[in-house]
Amino acid sequence: MCLRLCLFLLFPIAISSVTTTDTDLPAFREAPAFRNGRECFKTVWSPEDRTHNPSIIHIAMTLDAIYLRGSVAGVFSVLQHASCPENVVFHFIATQRHSADLRRIISSTFPYLTFQIYHFDPNLVRSKISSSIRRALDQPLNYARIYLADLLSASVRRVIYFDSDLVVVDDVAKLWGIELGRHVVGAPEYCHANFTHYFTSRFWSSQGYKSALKGRKPCYFNTGVMVIDLGRWREGRYTVKLETWMRIQKRHRIYELGSLPPFLLVFAGDVEPVEHRWNQHGLGGDNLEGLCRNLHPGPVSLLHWSGKGKPWLRLDSRRPCPLDSLWAPYDLLRYSPLISDS
């Protein structure tokens, strides 16, 4: 394992430059082929499938030019640690811009990967988005997670949603296998949160608005890692419920932080708790400065650079945080030597 990882680190940034494609998207090295273990039940998924196959793990991520390097690292990390990597199907959500090039990049980087790319129309949410404390949080694709039940095939009854700034260091089948019970969403929860920080004074001064949280435990959860029962989501019309709060926000400014508050208003206190090891989040620091942070106490299955600081940007600037070195082995970015080795 060490030899495989070390080979990917033999491209020192100091004597190289980033290779790009004709469209200025970065180019990536081809990932190794990861094969199923003997215990795996080999299966094949097709978008035309009409029945749910419990042997297949479905993972959804967004795909765009800005976070492409992070998405590729995330996919690589999932496959490397999966016990049955050939049974993992990726569902990428992307806008029309660069969609053909993104498909080509994923295909060439992961030739053996089963994946589908879905077109997300930014106009679906553009009129519902209001500015937040960080511009990246205002991008339409940041809200695509709300529409997974509409975008994915009805045969996909469950999906794991991953942000594009994380790496998995454990077998994703363990996360996939959690029991959701009656819940629609499963995620690591942090209860006894102070919700006053997430909503404005206008929200708290309205009896109608704040009553939405009445009788519910104040449990925060990060929406960058979620296990979602798409069947229950569709039946409960949760997309409509989230959109309702987005429209209220647009008119009355009841919160400041992107796509998270609507999820808290709809799901807080009604989430199936997942072990905290599955979202060691906040490694990108806060949303303003992106300062270095340490790991939370306890075991780690997933490292998440939520916040302003992204590991690839800090590594390229040669001002990395200590934990960014844990992301680097999954970076498949292709570099071109500036100095000839002859």
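A residue is termed buried here when its relative accessible area is under 20%. By this criterion Phe203, with a relative accessible area of 0%, is buried in the predicted model.

Phe203 belongs to an aromatic cluster that also contains Tyr190, Phe195, Tyr198, Phe199, Trp204, Tyr209, Tyr220 and Trp245. In total, 21 aromatic pairs are present in the structure. The pair formed by Tyr190 and Tyr220 has a centre-to-centre distance of 6.1 Å, and because the ring planes meet at 45°, the arrangement is tilted. These two tyrosines connect distant parts of the chain, with Tyr190 in strand E8 (residues 189-190) and Tyr220 in strand E9 (residues 220-221), 30 residues apart. Tyr220 has a relative accessibility of 13% and therefore counts as buried. Phe203 and Trp204 form an edge-to-face pair, in which the centres are 4.9 Å apart and the planes stand at 90°. Whereas Phe203 is buried, Trp204 is partly exposed, with a relative accessible area of 28%.

Charged side chains also lie over aromatic rings. Arg35 is placed over the face of Tyr112, at a distance of 4.4 Å from the ring centre. Likewise, the charged end of Lys241 is positioned over the ring of Tyr238, at 4.2 Å from the centre.

Strand E10 (residues 225-229) is largely enclosed by the rest of the structure, because 5 of its 5 residues are buried. Side chains in a regular strand alternate between the two faces of the sheet. In E10, Val225, Val227 and Asp229 point one way, while Met226 and Ile228 point the other way. Two pairings of E10 may be described. Strand E5 (residues 158-162) pairs with E10 in the antiparallel sense over 5 bridges, and in this pairing Phe162 stands opposite Val225. Strand E7 (residues 185-187) is likewise antiparallel to E10, with 2 bridges; here Val185 has Ile228 as its bridge partner.

Cys40 is buried at 13% relative accessible area, as is Cys84 at 17%.

The disulfide of Cys191 and Cys219 has its sulfur atoms 2.0 Å apart and is right-handed, with 95° about the S-S bond. Distant parts of the chain are linked by this pair, since Cys191 lies in the loop between E8 and helix H7 (201-204) and Cys219 in the loop between helix H8 (207-210) and E9, 28 residues apart. Cys191 is partly exposed, with a relative accessible area of 32%, whereas Cys219 is buried, with 0%.

Cys292 and Cys321 are joined by a disulfide with an S to S distance of 1.9 Å. The torsion about its S-S bond is about -85°, so the link of Cys292 and Cys321 is left-handed. Cys292 occupies the loop between strand E11 (272-273) and strand E12 (302-304), and Cys321 the loop between helix H12 (311-316) and strand E13 (335-337); the pair therefore ties together parts 29 residues apart in sequence. Cys292 is partly exposed at 45% relative accessible area, while Cys321 is buried at 5%.

Conventions:
Residues are numbered from 1 along each chain as its sequence is written. This is a predicted model: local features need pLDDT of at least 70, side-chain atom pairs count only at pLDDT 80 or more; totals for chains, interfaces and linings use all residues. Side-chain values use heavy atoms; hydrogens and water are left out. Rings of Phe, Tyr and Trp (its six-membered ring) pair if their centres lie within 6.5 Å; planes under 30 degrees apart count as stacked, over 60 as edge-to-face and the rest as tilted. Helices (H or I, at least four residues) and strands (E, at least two) are DSSP runs, numbered from the N terminus. Buried means under 20% relative accessible area, exposed over 50%, partly exposed in between (1.4 Å probe, protein chains only). A charge sits over a ring if NZ of Lys or CZ of Arg is within 6 Å of the ring centre and within 35 degrees of the ring normal. Two strands pair if DSSP finds at least two bridges between them. A disulfide is a pair of cysteine sulfur atoms within 2.5 Å.
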